[in-house]
Amino acid sequence: MPNNTDTQKKLYIKTWGCQMNVYDSSRMADILRPLGYAQVDEPDGADMMILNTCHIREKATDKVFSEIGRLKKHKDEKEAKGGKMLMAVAGCVAQAEGDFILKRAPAIDMVFGPQTYHELPEMVLKANGNERVVNTEFPSVTKFDTLPEEQNQGAAAFLSIQEGCDKFCTFCVVPYTRGAEYSRPVDKIVDEAKRLVDNGAKEITLLGQNVNAYHGESKDGKVRGLGQLIEEISGINGLQQIRYTTSHPRDVDQELINAHRDVEKLAPFLHLPVQSGSDKILKVMNRKHTADRYREIIAELRAARSDLVFSSDFIVGFPGETDQDHEDTMQLIRDVGFASAYSFKYSARPGTPAANMTNLVREDVKSARLLELQNLVTEQYLEFNQASVGKTMSVLFERKGRYEGQLQGRTPFYQAINVPANDRLLGEFVDVEITEATANALVGEVKIIENIAKSA
Ligand code: SAH
Ligand code: SF4
Ligand code: F3S
């Protein structure tokens, strides 16, 4: 986190939700920096507090209000001493709830959605003039055209290439909170990638709600897909690893499969959410593919790159899901084999088509299915992690570990790993021999290379 001196104003940002929100929070800090705000880790004494929220699952709005209640005491304390603290709600709950937040939470000065934060300087000006601000527009000038250059993100950097979603899965709020699909132009992305690498990035994760729906215009006027974009970015000297997230099975095309075959820098790990293994449920979810089509895509990708491993998202207890439908999901998991997975109980989201469905699954049935599914995937990660023991992998050390003298990083397969290592290896790719494995993480040792310099 940046240094903070007394002359600077303190900015505290709390982030929930997906990588897009994490990215947006860092961009908000970039926009506010020229206004004199420096980010801090604690809310106490802050001059501005931003809650960057997520609306994806149950009780999102309630959680935000209780968080406002908790954090408000810092504002009250500051104001009791004659100071001022601006308090803002940003992100997907802000987009969904708009001025309802201002009505219910008098402490809040600003409410703004994910597509408007480039207008923060004007919003701050208004809020400082004691005007309460709500901004949930989808402006025609995209924020990407006006954002300042990103700050140094370190060795593992994120780059947003695509936003929004036009898929309208019947359970999901994202098309409503983030708006329509939008792809940034190729040259803007390549320039940003180069700057990130110049500033020390060794790995870049390309981000989008539907990252493989990417179709950005290139300088020659032609439209490029994600596969070609990855090819282009892989040419940047000094960039060692590329990842992308989150992708949709429907948008896995031949070019993307070819990129997994041809681009060595593309990590052998792919998060490809499937949600369910039942064709009936996939249909009512509006996922627009079958379970067998998913199996086929996995087979095609594995044929292109044999060491590729997969992770996925699952929803259990979608309306109408029977024991057989759940069993179909379990069978898909057994067939594919996942290196990690996120699984959730279905929760109805206001305003989505599934919220009107009536054949609901009982809460206790959902819990039992979730547990069964999680037990199976945990067995699979443990097996995968244990099979890694004894192997040597190139690990990017991203941060200090929990214990002194330890660094934390990820293997190419996105396994979390802790390694006793000197701090000077932070931000480097280092060969590590895997020595131990649990379902959640690996332990390893830095591989010592016997490098006997030859004298001339
Ligand atoms: N764009 C991605 C997913 C984004 S949301 C995709 O198409 O797969 C992240 C995950 O949250 C989803 O994959 C889904 O598993 C879960 N999710 C979304 N809405 C949900 C809901 N209403 N109830 C439970 N889980 C949900
Ligand atoms: Fe939501 Fe479906 Fe879009 Fe993913 S593809 S963001 S799950 S609507
Ligand atoms: Fe949540 Fe919005 Fe991301 S709802 S998952 S923060 S797109």
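Which residues are around ligand 2? The legends below take up this and other close-up views of a predicted model.

**View 1. Residues around ligand 2.** The shell consists of Cys165, Lys167, Phe168, Cys169, Phe171, Cys172, Val174, Pro175, Asn210, His248 and Arg287. Sorted by class, seven residues around ligand 2 are nonpolar, two are polar and two are charged.

**View 2. Strand S17 and its pairing with strands S20 and S18.** Strand S17 covers residues 392-400 and runs antiparallel to strand S20, residues 429-437, with five bridges joining the two. On this side, Val395 stands opposite Val430 of S20. S17 is also joined to strand S18, residues 406-410, by four bridges, and this pair is antiparallel as well. Five residues lie between S17 and S18, which together form a hairpin. Within the turn, Gly405 has a positive phi of about 80°. Strands of a sheet pair through backbone hydrogen bonds, in either the parallel or the antiparallel sense.

**View 3. The open six-stranded sheet.** The strand order is S2-S1-S3-S4-S5-S6, and the pairing is parallel. Strand S2 (37-39) and strand S6 (133-135) are the edge strands, each pairing on one side only. Averaged over the sheet, neighbouring strands are turned by 20° against each other, with direction ignored.

View 4. Strand S5, residues 110-112, pairs with S6 in the parallel sense, and the pair has three bridges. One residue pair can be picked out: Val111 has Val134 in S6 as its bridge partner. S6 is an edge strand of the sheet.

**View 5. The second largest pocket.** This pocket has a volume of about 230 Å³. Its lining is made up of 15 residues, and those nearest the centre of the pocket are Trp16, Cys54, Glu58, Ala60 and Lys63. Helix H2, residues 60-80, supplies the largest share of the lining, with five residues. By class, the lining of the second largest pocket holds six nonpolar, three polar and six charged residues.

Notes:
Residues numbered from 1 in each chain as written. Chains lettered and ligands numbered in written order. Predicted model: local features only at pLDDT ≥ 70, side-chain atom pairs only at ≥ 80, totals over all residues. Heavy atoms only, no water. Near = heavy atom within 4 Å. Nonpolar A, V, L, I, M, F, W, Y, C, P; charged D, E, K, R; others polar. Pairing = 2+ DSSP bridges. Axes fitted to C-alpha atoms, helices over the stretch in contact; angles between N-to-C directions. 1 Å grid on protein atoms, 1.4 Å probe; cavity = no way out; pocket = protein on both sides within 12 Å on 5 of 7 lines; lining within 4 Å. Points joined across faces, edges and corners; volume = space filled by probe spheres on them.
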